[in-house]
Amino acid sequence: MPDISLTMTVVLCLTALAAGWIDAVVGGGGLVLLPALLLGLPGGTPATYALGTNKAVAIVGTTGAAVTYARRTPVDVGTAVRIGLAALAGSTAGAFVAAGMSTDVLKPVVMVVLLGVGTFVILRPAFGTAPSTAPVSARRVLAAIGLAGLGIGFYDGLVGPGTGTFLVLALTAVLHLDLVTASATAKIVNCCTNAGALATFAWKGTVFWQLAVLMALFNLAGGTVGARTALKKGSGFVRIVLLTVVFALVANLAYQQWVA
């Protein structure tokens, strides 16, 4: 357990609760959780400990949300796992590339893409409000494996922020899912990528396990409640949260690029 105060421990646990809820609804919980860990851990702690602890916490909430979704809404688990395995391979490749380059040059590009996505969702109110009634073709599944799996997985390993949100958008666009089903599918994909990342961090010994277990309980509660909220409120509610997270992500990246 790192040497942090009781007050900071409580703050981190409440942050994990909020991050679990956000992540379950539309992805992007890492936007809340990772900065909190970077600020809350003792000064001088290597950033890899924040990253490792973050993954140990997030995988629990993500799994809880995935189980909740799977019980209450139809999800093609087989397709989700195939996309998840591709994302695992993509994130591994992205991590290798990231080791030899500065990802700062990519942040403005990501901001432009996100602004474009946000504008598209605003101008297309029907986007993701209802699933397509036509069966999903093998070509679309392969496209989803390539884009949502390898492509976004590579981005996750290379840069990271907003991966869950990108997954929801890609799955909605490529597989013609409604936003709730896309969120459910994204959670299964996230479980695969988080498991691979956590295994790496655990092997390197950069996880504060006692803190992670404590925060994970709150993250699990937030993830479960978030999934139930999304299922109860429907795609219209998820759309509002999606837009909020997209523009929050743009603001976060802009701050990191030009202010911090």
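This is a predicted model: local features need pLDDT of at least 70, side-chain atom pairs count only at pLDDT 80 or more; totals for chains, interfaces and linings use all residues.
Local features were taken only at pLDDT of at least 70 and side-chain atom pairs only at pLDDT 80 or more, whereas totals for chains, interfaces and linings use all residues. Residues are numbered from 1 along each chain as its sequence is written, and side-chain values use heavy atoms, with hydrogens and water left out.

Helices are DSSP runs of H or I with at least four residues, numbered from the N terminus. Helix α3 (residues 47-72) packs against helix α9 (residues 209-233) at an angle of about 30°, and their axes lie 7 Å apart; axes are lines fitted to C-alpha atoms over the stretch in contact, and angles run from 0 to 180 degrees between N-to-C directions. This angle makes α3 roughly parallel to α9, a term that applies to angles under 35 degrees. The crossing of α3 with α9 is right-handed, that is, the near helix is turned clockwise from the far one by less than a right angle. Among the residues of α3 that meet α9 are A56, V60, G64 and R72, and the residues of α9 that they face include W209, M215, L220 and R228, where contact means heavy atoms within 4.5 Å. By class, the contact of α3 with α9 comprises 14 nonpolar, eight polar and two charged residues; Ala, Val, Leu, Ile, Met, Phe, Trp, Tyr, Cys and Pro count as nonpolar, Asp, Glu, Lys and Arg as charged, and the others, Gly among them, as polar.

Helix α1 (residues 6-26) also packs with α9, at an angle of about 35° and with the axes 6 Å apart, and this crossing is likewise right-handed. The contact of α1 with α9 has 16 nonpolar, seven polar and no charged residues.

A nonpolar core is a set of buried Ala, Val, Leu, Ile, Met, Phe, Trp, Tyr and Cys residues joined through side-chain atoms within 4.5 Å, buried meaning under 20% relative accessible area. The largest core has 51 residues, of which V26, I83 and L171 touch the most other members, and its largest share, nine residues, comes from helix α10 (residues 235-258).

Beyond four places in sequence, L171 touches I83, A148, H176, L177, A182, T185 and A186. T185, located in helix α8 (residues 179-204), is buried, with a relative accessible area of 4%. H176 is found in the loop between α7 (163-175) and α8 and is partly exposed at 32% relative accessibility, the range between buried and exposed, the latter being over 50%. Phi of H176 is near 60°, a positive value in a residue other than glycine.

How values were computed: Helices (H or I, at least four residues) and strands (E, at least two) are DSSP runs, numbered from the N terminus. Buried means under 20% relative accessible area, exposed over 50%, partly exposed in between (1.4 Å probe, protein chains only). Angles under 35 degrees count as roughly parallel, over 145 as roughly antiparallel, 65 to 115 as roughly perpendicular and the rest as oblique.
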